[in-house]
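These are my notes on a single structure, taken down in the order in which I looked things up.

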Amino acid sequence: MNSFVTGRRLARELGEWRSNAPAYRALAERIRVLLMDGRLSSGAKLPAERELSQALDLSRTTVAAAYSKLRDDGFLDSVRGSGSTLRLPGRERGEHGMHNGLAFDFTKATAPAYPGIQAAYADAVAQLPNYLSHDGFDMVGMPDLRETIAQHYRDRGLPTSADQIMVTIGAQHALNLVTRTLYSPGERIMVEQPTYPHALDTFTSMGARILAFPVRQDGGWDLAQALLQIRRAAPSMAFLMPDFHNPTGMSMSIQEREYLAAAAAREGTVLVVDETTALLDIDRGPMPPMASFSPSVLTLGSLGKIAWGGLRVGWIRGPRDIMAQLLRNRPAMDLGTPLVEQLVATTLLRDLPSMMASRSLDLRRGRDTLVSLLAEHLPQWKVEVPDGGLSLWINTETISSSALALAARAEGLGLVPGPRFGVDGAFERYLRLPFCYRDEQMRDGVKILGRLGQHVGSDPLRMPLQAVI
Ligand SMILES: Cc1ncc(COP(=O)(O)O)c(C=O)c1O
């Protein structure tokens, strides 16, 4: 799918793009960095030269020269009458070797499959004959699975019945469906800053105007800012991750949950609470779900992180009137969740405590290993240790993570730079490092980081030469 990048959005993404280099060169270089680290996608259409020159208050000649440089370097295709499309040349995409051409791919905070998954699939296939006379289209979810998910909420102290649950094809699908249902063009959506990048992708692909309020490692959720944004801009929805927030790993206190739920309910903003990471507890202990504090909260869940990303089963829990709207809107997106995967999910969820205990052990080992490797190789980084989740969120203080990610890629190490998690180019000095990889992968990856950390500076444009492939 080709997406259009407006002049205003590109201006926001560019952030501080100027450097000592001539303006056309600095602009082309910054656009290339955004393309390489995923903030702009290959196939996206750039704004017309005139539109971008207005958005940046630059001469059209400068923008034309920047586009021309991108074209000469193989990053832009321009066809008269149909605009300019970004593209990643083959070698930049890493078409050699396995797994994106990267020896260590730290771009995904996701763990290998839970060991019990193969047996659960075998069991599901054995049950399949019972379902083959059914037409197989299941828009709402199998009754046993919905009941098992409802029981999971009841076990967490939140009364829930099966008719408040819709099974989806993962949480990302759930978020798309929820956004299509709650959001109308021209409205605003509030997010945490930093937030989950594909949630931002979902919202911006629908043209939403994004408002952000800070989540700080040293102060938690900035409730005063959240309230101000809700009051001033009346966002139709707010997207939150109160449990082991991705990427910081932080959790909201009970008071923060109570306060935000009450404020949103009062002002008519629907809270969409993503609990994809909520089961990844290392040493925190249970907390009441956000939905315990307001009946209008919509909760998204998933087995993607706790069991396996390849399972593609998630769900939505919400009030019955919104669930009915979601059901009406779903056929425009898909025609239901696969049955075998639902049977697997039912088996796994019935033994959720075992799965959580197994994940918790692996995550603790991974977290502690990564923290001690960083202390050895990058002692200058002050690392906050989360009590759950899958990653560390590190303020490097002095290093441009965009430059670091580009330099690391040239050494076979994939990283996601901080600004991918922010709105308007924030978090240039931050890096998300997942701790769900094997010890030896983390050791080799951190060694590369330690080496690069000595050379990469704070300027996103001043990168080691080898990064400019
Ligand atoms: C916070 C968050 N929400 C949603 C998703 C997507 O979940 P799923 O794989 O169930 O679509 C992820 C996966 O990275 C995530 O971290």
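Is the crossing of helix 2 and helix 4 left-handed or right-handed? I am working from a predicted model, and in it I find this crossing to be right-handed.

**Entry 1: helix 2 with helix 4**

I looked up the geometry next: the axes of helix 2 and helix 4 (residues 60-72) come within 8 Å of each other and cross at roughly 50°. From helix 2, I list Ala 23, Tyr 24, Arg 25, Leu 27, Ala 28, Ile 31 and Arg 32 as meeting Thr 62, Val 63, Ala 65, Ala 66, Tyr 67, Lys 69 and Leu 70 of helix 4. Sorted by class, the residues of this contact are ten nonpolar, one polar and three charged.

**Entry 2: helix 1 with helix 2**

Helix 2 (residues 23-36) also packs with helix 1 (residues 7-14), and here I note an angle of about 90° with the axes 10 Å apart. The two helices are therefore roughly perpendicular to each other. On the side of helix 1 I find Leu 10, Glu 13 and Leu 14, which meet Leu 27, Arg 30, Ile 31 and Leu 34 in helix 2. By class I have five nonpolar and two charged residues in this contact, and no polar ones. Returning to the previous list, I see that Leu 27 and Ile 31 are also among the residues of helix 2 that meet helix 4.

**Entry 3: helix 14 with helix 16**

For helix 14 (residues 352-377) and helix 16 (residues 439-453), I wrote down axes that come within 10 Å and cross at roughly 25°. Since that angle is under 35 degrees, helix 14 and helix 16 count as roughly parallel. Helix 14 passes helix 16 in a right-handed crossing. The contact is formed by Gly 366, Thr 369, Leu 370, Leu 373, Leu 374 and His 377 from helix 14, together with Asp 439, Met 442, Arg 443, Val 446, Lys 447 and Gly 450 from helix 16. These residues divide into five nonpolar, four polar and three charged.

**Entry 4: the ligand**

Which residues surround the ligand? I list Gly 170, Ala 171, Gln 172, Tyr 196, Met 241, Asn 246, Asp 274, Thr 276, Ser 302, Lys 305 and Arg 312. Looking at individual atoms, I find a backbone N or O atom of Ala 171 at 2.7 Å from an oxygen atom of the ligand. An N or O atom in the side chain of Asp 274 lies 2.5 Å from a nitrogen atom of the ligand, and for the side chain of Thr 276 the corresponding entry is 3.4 Å, again to a nitrogen atom of the ligand.

**Entry 5: the backbone**

Where is the cis peptide bond that involves Asn 246? It joins Asn 246 to Pro 247, with omega at about 20°, and I place Pro 247 in the loop between strand 9 (237-240) and helix 11 (254-267). Asn 246 is itself one of the residues surrounding the ligand. I also noted a cis bond from Gln 193 to Pro 194, with omega near 10°; Pro 194 is found in the loop between strand 6 (188-193) and helix 9 (197-205). Finally, I looked up Ala 234, a residue other than glycine whose phi is positive, near 40°, and which sits in the loop between helix 10 (223-233) and strand 9.

Note on methods
Residues numbered from 1 in each chain as written. Predicted model: local features only at pLDDT ≥ 70, side-chain atom pairs only at ≥ 80, totals over all residues. Heavy atoms only, no water. Axes fitted to C-alpha atoms, helices over the stretch in contact; angles between N-to-C directions. Helix = DSSP H or I, 4+ residues; strand = E, 2+ residues; numbered from the N terminus. Parallel < 35°, antiparallel > 145°, perpendicular 65-115°, else oblique. Left-handed = near helix turned anticlockwise from the far one by under 90°. Contact = heavy atoms within 4.5 Å. Nonpolar A, V, L, I, M, F, W, Y, C, P; charged D, E, K, R; others polar. Near = heavy atom within 4 Å. Polar contact = N/O pair within 3.5 Å; in protein donor to acceptor, adjacent residues only side chain to side chain.
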